[in-house]
Amino acid sequence: MSVHDDLTSVRRCLDELTRSVRRLEQQLGGGGLEIRRVRTDADHLRESIALLGEAAPGLAKPRRPDLVPIPDTPYDTSLWTDSDDEGLGARDRRAP
């Protein structure tokens, strides 16, 4: 597993932790010092993981390959002079 995959996994776990803390907060009430501490700690973990992802060398997000534009103009027919039509065979012969 790569470091990028590990960071993604940790982020997913933190998302689940945040959801669980919110449910606890709704059940127990948000006024208690303990639940505020847990919520703050979860937020600090999220910030720390974000900083770790930014600071780690070579951990840039996987780069999408460059897109190649395809023009709308028709292709030059000379490109296809010696080609076979897939499933039909050569132009001067009949298909089986």
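1. Arg-19 is partly exposed in this predicted model. Its relative accessible area is 40%. Glu-16 is also partly exposed, at 37% relative accessibility. The side chains of Glu-16 and Arg-19 meet in a salt bridge, with N to O at 3.0 Å. Both residues sit in helix α1, three residues apart, so about one helical turn separates them. In general, an α-helix has 3.6 residues a turn, so residues three or four places apart point the same way.

2. Arg-23 joins Glu-16 and Arg-19 in a network of salt bridges. For the chain, the count comes to four salt bridges.

3. Now the links between helices. Arg-39 and Glu-25 meet through their side chains in a salt bridge of 2.9 Å, N to O. Arg-39 lies in helix α2 and Glu-25 in helix α1, so this pair ties together parts 14 residues apart in sequence. Glu-25 is buried, with a relative accessible area of 17%, because buried means under 20%. Arg-39 counts as partly exposed, at 30% relative accessibility.

4. A salt bridge also joins Asp-15 to Arg-46, where the closest N and O atoms are 3.0 Å apart. Asp-15 belongs to helix α1 and Arg-46 to helix α2, so the pair ties together parts that are 31 residues apart in sequence. Asp-15 is partly exposed, at 32% relative accessibility. Arg-46 is partly exposed, at 32% as well.

5. Helix α2 covers residues 33-55, 23 residues in total. From first C-alpha to last, α2 reaches 32 Å, close to the 33 Å expected at 1.5 Å a residue. Which residues of α2 are buried? They are Ile-35, Ala-42, Ile-49 and Gly-53. Their cover includes α1 (3-28).

6. Beyond the helices, look at the surface. Ile-70, Tyr-75, Leu-79 and Trp-80 form a nonpolar patch there. Together these four have about 500 Å² of accessible area. Trp-80 lies in the segment after α2. Trp-80 is partly exposed, with a relative accessible area of 42%.

7. Some totals for the chain. The fold has two helices and zero strands. Of its 96 residues, 12% count as buried. The accessible surface comes to about 8700 Å², and 56% of that belongs to carbon and sulfur atoms. Among contacts with a separation of 6 or more, 54% come from residues 24 or more positions apart.

Definitions and conventions
Residues numbered from 1 in each chain as written. Predicted model: local features only at pLDDT ≥ 70, side-chain atom pairs only at ≥ 80, totals over all residues. Heavy atoms only, no water. Helix = DSSP H or I, 4+ residues; strand = E, 2+ residues; numbered from the N terminus. Expected span 1.5 Å × (residues − 1). Buried < 20%, exposed > 50% of the residue type's maximum accessible area, 1.4 Å probe, protein only. Contact = heavy atoms within 4.5 Å. Patch = residues over 30% accessible without salt bridge, like charges linked within 9 Å, V, L, I, M, F, W, Y side chains within 5 Å. Areas by Shrake-Rupley, 256 points an atom, 1.4 Å probe, with all protein chains shown as cover.
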